[in-house]
Every structure is written in structure tokens, then in C-alpha cells.
Amino acid sequence: MAECSRVDSNTSSHTMDKSITLPPDEIFRNMENAKRFAIDIGGSLTKLAYYSTVQHKVAKVRSFDHSTKEAAGDKLYEIAVQEEVTARLHFIKFENAYIETCLDFIKDHLVNTETKVIKATGGGAHKFKELIERKLGLKVDKEDEMTCLIKGCNFVLKNIPHEAFVYAKHADSEFRFQTTNPDIFPYLLVNIGSGVSIVKVESEDKFERIGGSSIGGGTFWGLGALLTKTKRFDELLQLASKGQHSSVDMLVKDIYGGSYACLGLTGDLIASSFGKSATADKEFSNEDMAKSLLHMISNDIGQLACLYAKLHNLSRVYFGGFFIRGHPVTMHTITYSINFFTKGEVQALFLRHEGYLGAIGAFLKGAEEDNPNQYSWGENYAGSSGLMSVSPDMNPMQRARSGTFDMLEMDRLDRQLVNLPLLQDPSSYIPDTVDLTEDAQAREYWLYCFEEALDGVVKRAVASQPDIPGAAERAEKFRQKYLHKLQTLRHQPFAYGSLTVRSLLDTREHCLNEFNFPDPYSKIKERENDIALKYYQKAVKSLEELSWEDRQFALVRGVLAGNVFDWGAKAVSEVLESNPEFGFEEAKRLLEDRPWLVDSFDQWLERLKGPPHRCALFFVDNSGVDIILGVMPFVRELLSRGTEVVLASNSGPALNDVTNSELQILTERITAMDPVIDSALKEDRLTLVQNGSSSPCLDLSRLDKVLSMLVRERQTDLVIIEGMGRAIHTNYYAMLSCESLKMAVIKNSWLADRLGGKLFSVVFKYEVPVGKPH
């Protein structure tokens, strides 16, 4: 029931020529490597799903055998760009009018598939069965619609962090995205198709239809057509968005002259839907009748949903189906109804990818032998078209083409991602410090900032591949694509969920990977790592000569100075490019004097006078000076105190952040110089682990499962987060169940000013959970 099964006879007059030329590189991407298909056909929209293998370039580092120095020269490690194959899921939505054209395109480009069957669901699957089988030569295998819907819903809730949203019509941001609870069950799904199905979902495979109604989207469409002579569903909604229901509905004040205070009924409350039409001797406008009808049906569904939610003690209620389909007027009336009947205790939740649930579920049914649920998946921003504006003033034709997405792509991640076990309350954890969707001033600044930085990123990308043909052309394509994404986000900041500095950075990384620039900063990182290693022993020796207390301050100052070396910060990259001699000591002089902007150093020093921590988890940041001269001496001190250390670094490249494979090589070189690090590594007191991310920021709800298990096994009681991306843009307000240390240097003037500081202000935030003794 994802779509109403009624087909409009006037459709063809409202659609483009069915012989349209499709841009395959933008819509049916990577079709030549498609493996498996599913299709969900509703009354007006078709959703196609397929799985493909994607070849893309990855940067790999490999250590040289330094016992044969003459073979390797002075190089620290070898950087090789290699081809790697990964799995991608593609979901495409288009009007049924184009189904024949799309099937022809698929048939012409399908070359490597061994698929013999296409899974199908939706009311239109039977109608188009013969066409699909004839065009594609695949057997149509129909799957149960409700099962597919639930499977799809579970999948998006688990894998897309900002999947669910609350719709707030009159707020600065019409969408308020919700943090998905790691445990998504149980929930209520109210699917409004022709009628209404209310489903209680308790687990991956356990769900039950607990109720429903015959008064649903089909009722609105049917009665609306009789009342207004308007046959198209989207046009009916367009009429409703312009109408005044109070012209047709009888309100409480029409009966009592005002509110009915003793019953708590306000004067503007609807007492009787269409009540005025029985007594008023006048014609009512189509707009007003459509609005009244919409309110009547939405309120009825809202009250029904509330009663079932209360009966089954469920607080999460998701709405979907063709009646919703991202339309502002339906989302607003449902939201109002739920809020009224539950007195604000339950929120109406909508889904960004609601239109794809059936197709996703049908695909998952066909792919059970590959067990896609054992993996974590991530939305690929480079290949997904984004949530459209839901302004009621939008051209109805534009609304008709889609209520949510036109394209969605999801990449299979190398690592299974889970929560950090040390989050105080995973269900309320929000990684990002500022939501740019709601902060217009911050949004405009950061979008401008990323546009300004684009030339530098393109230059780095080309420079990272001097011997690979076509780099300049690919870099220009990257520029155009990312610029288009930024322009889209300027007008539709909610396109990919909450807009944040993290999502802007991640979108840039996705676009770089799309055009085969896996690690634009690889050569810079190699050079800086090599230089920093030469100073490591001298740095350690100078620290050992200090008194205990002076050494603790010098160690913290070293981490902060190392954190200055961030190529992602314009203020720093300009200095590094113009002054090659800029080094560790120069960075120390840039730091503000104490008291710092956020300064818990005295409390940290007192804590160090107590017993050692059992195990410290350290999320590291940049390559070069940061990791080698800042972090490693700090880690060395913790190890000397008897604290085990887990160093968590990125799984894949982002800016000049150190990756796990690079850190393995750097640590190997340091062990040859430092017996403290050498013995800790051999005795398993120092462990290097991937964090599961390829982002300059950090989402503690999506971390490598191996890291999570290690944190539990080692009884970790201290978490250290370093850097502006991980400790300021994200996790500044993160509440942990153990002690935590957040260290960063503010390398952006605008952000420093916002926080009440200045460029190179210091944040040193030591936190102890409430109730835990210092």
C-alpha cells in the first residue's frame, strides 16, 4: 500500500515525452556492473533497486624495508593508488509514464548480470509483470508488500542517522531531524495508501498489523475528485494548500460564540467537518473543500494512530505511504492532529526515504543469501539527489515527480559500525555541535567558507596524482559537482538531513572519491611525517629533563601545538604554504597564554596526582607534527603511569588526518627509537585500531565494532578526543560515562569569535561524569 493503486487517465497530458533521453551517468549509474534487481510499482511512481560493484581508486601505504636503505631512498613509505571493488545499492524513483523507456535503457546496458529474477512488490507489479519479463528477460517474483515495507523501514532507520524528521511548518527550519535510537524497536508504522494499515514492529522479523481504516488516501482522492472535479492527487493537495477550511467546517466558536472552556476546547477547533455546507446557501471554493477534506481525513488517521500507540505503549510513530510522500500540507495536518490528541507526548515522525521502503525491502528479500544486514551501509551524498523543498508554492509538476528523493545510493562500509559503549545516553547523543539547518548565519558562513576553499582542494587533488592521466579534467568535474551540491544546500539545507560542518566535509570527501581522488593530501602527509620523525627523540629527551609538573603542562602544550598543523584550516594552510620553515616551536608560540578559552588544566593535573587510569582511548587527528611530536609523547607518559592506551585513527583518508595504515608504519619507526613505545606495543599495552570513519569529524554512534569490543574488554575509563573536527565541530557537548579530555586549537576566526575567543584560542575540556569522584 505504498502507493494508491488507482491510475489517472489524464497522466500523459501532464508528463514529458516518453521517449526522453535519460542521462545514464546521473540516473542509472554503474548499470554495466548491476547484479540484482527489485522493483516497487505503485499507482503513479515506480521505484527501482539494484546492487552493483563499483571500482574506485584507493590510496594504500606500504612500509619499505629500511634495512636496505639504498633501495628505498629516504622515503618513509610507499604510496600506491590501487583499484578496489566495493558494493553499492542504487535506488531510483520515476513516474510510471517512463517505465517502458527505463526498462529499454536497462536492457541495453545490462551486460554482466547473472540475475534471472527480479523481485517485485506494490500494487502495479501485477499490471506491469508481462512488460518487465518481456523487456528484461527476467522472471518477476512478487513479494509481500507489507513485509517489504517493514524490511525497508528497518534498513533505513538502522543505516541512515538522520532518516526520521519532525515537520514544523512555521519554524525557521521546516525539518527537525531526529537522532535515531540505536535500538530502533519497537515502533508503530502508519502506512497511508488507499486505506490505512497500522503495524506494530517489534524486531527485524516480527511485526503485526494491529489495526487500520478504510478511510485513507484513496478516500481523499476519491471524494476530492467528486467535490472538485480534479482528478490528479497532487493537484488536489495543491488546492488544499491554498484553501481555508473554516469556510466549510463548523468550528467550536460557530456553535458557542467562542471557546468551550470547561471542556478545554478552543474556539478554532473543528466541531463538524463540512458542517457549514448543510446550512449555508452558497457555493464553496474547490480550495476550501479540498482543505476541509484533508483536515477531516488527517485528523481521523491521527486520532486512530494515537489510540493504537497508547494501547500498545509505543512512543515512536512513523507515517508513510503515498498520502504523505513529502507533501507539506499532509505532514502539517498529521503533525497537528497527533500533537492535539496526545497533548504533545507523541511526535509524528516522517522518513526522508519513505518512498523507497518497498523497493528496499524487496531488494533485501532477493539478497538474503548475501545477508546485507550483516554489514553497515552509508548514504553516498555524491550519488543521492537529496530531499526536495516542500514549499506549497512549488510548481505542482515538480511536486508530482517526487515527494522525497529521485535517487539514493548507499555504499557498503568495510567495517560494521556500532555505538561507543561509553556514551552516557546513546539515544540522546547528537554528534554535531551546531545544526546549520537551523542557524542561518552559521550556515551562510560555512557554505561560503567551503566554496572559497574549493580552488585549494582542486589544486591539491591534481598535485596528488602527477603521473596519472586525466587528473586535471577529473578535478574540474569534482569542482562542478561539489559546487552544485553547495548550491543545492544553500537553497535546501535539509537535503541530506541536518546540515552540519561534518556533513559538508563528508560530502566533499564523497565527491573526491567519486572522481578517483582518494587521498589528495597523501604526499603532504608523507613529507610531514618524515620531517617530524627526525625530531622525535629530541622532543622526548627535552620532556624527560623537565620536572613532573612542568612536563605535564609541556605534554598538553605539545598536543595543542601539534594540532595547529591542520591543512583543513585556511588560516594554517596559508602559513604552511608560504613558510616551509614553520615548525613545532613556531606553533607553540601561536597558542594563546593561559587562562585558555576553556581551561580545565588544573583539574587535569590534580587528577594525574591520583591513581592511573586503567585504559585510555585516544581519538587522534592530524599526521606529521601532531601525531608524532604531540600525541606520541603524551601517550608515552600515560603508558609510563601504567595506563593502557588504545589509539583510534581513521580507517580511510580525510584531509591530512592520519590513517590507521599510516599510523602502523609511523609507530613501527618510533619503536626503533623508543623502548617505552616498543615494549608497550609488544606487551599489548598500546593498541592501534581503526575508528571505522573516513571523516575529519567523529560520530561516536558509528564506530568500528572491533574498537567498541576493545573498549569493553580493556575497561576503558578515559576518552581523549583531539582536534577541531572531532572535539569542537562534533562531540563538544558529548556526555560520556567515564572521564574525558577534549583538546583543540580554534583555527578559524569566525568560530573563535562565536565561542568568545580569538584565532588559536585553546579548548582544554576535562570532564568527569556527574556522581563520579574527581
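A: One aromatic cluster is formed by F165, Y167, F175, F177, F319, F350 and F494. This is a predicted model, in which local features need pLDDT of at least 70, side-chain atom pairs count only at pLDDT 80 or more, and totals for chains, interfaces and linings use all residues. Residues are numbered from 1 along each chain as its sequence is written, and side-chain values use heavy atoms, with hydrogens and water left out.

Q: How many aromatic pairs by this rule?
A: The count is 37 aromatic pairs. Rings of Phe, Tyr and Trp (its six-membered ring) pair if their centres lie within 6.5 Å; planes under 30 degrees apart are stacked, over 60 edge-to-face, and the rest tilted.

Q: What kind of pair do F185 and Y187 form?
A: A stacked one, with 6.2 Å centre to centre and 15° between the planes.

Q: Is F185 buried or exposed?
A: F185 counts as buried because its relative accessibility is 15%. Buried means under 20% relative accessible area, exposed over 50%, and partly exposed in between (1.4 Å probe, protein chains only). Y187 is buried too, at 0%.

Q: And what about F220 and F233?
A: Their ring centres are 5.9 Å apart and the planes stand at 85°, so that pair is edge-to-face. F220 is in helix 5 (residues 217-228) and F233 in helix 6 (residues 233-242), so the pair ties together parts 13 residues apart in sequence. Helices (H or I, at least four residues) and strands (E, at least two) are DSSP runs, numbered from the N terminus. Both F220 and F233 are buried.

Q: Which ring does the charged end of R412 sit over?
A: The ring of Y375, 4.2 Å from its centre. The rule asks for NZ of Lys or CZ of Arg within 6 Å of the ring centre and within 35 degrees of the ring normal. R474 lies over the face of F517, 4.7 Å from the ring centre.

Q: Changing topic. What is the strand order in the open sheet?
A: Its 7 strands run 5-4-1-2-3-16-15, with mixed pairing. Two strands pair if DSSP finds at least two bridges between them.

Q: Which strands stand at the edges?
A: Strand 5 (139-142) and strand 15 (377-379); each has a single partner strand, so one side of each lacks a neighbour in the sheet.

Q: How do strand 4 and strand 5 pair?
A: Strand 4 (residues 117-121) pairs with strand 5 in the parallel sense over 4 bridges. K119 has D141 of strand 5 as its bridge partner.
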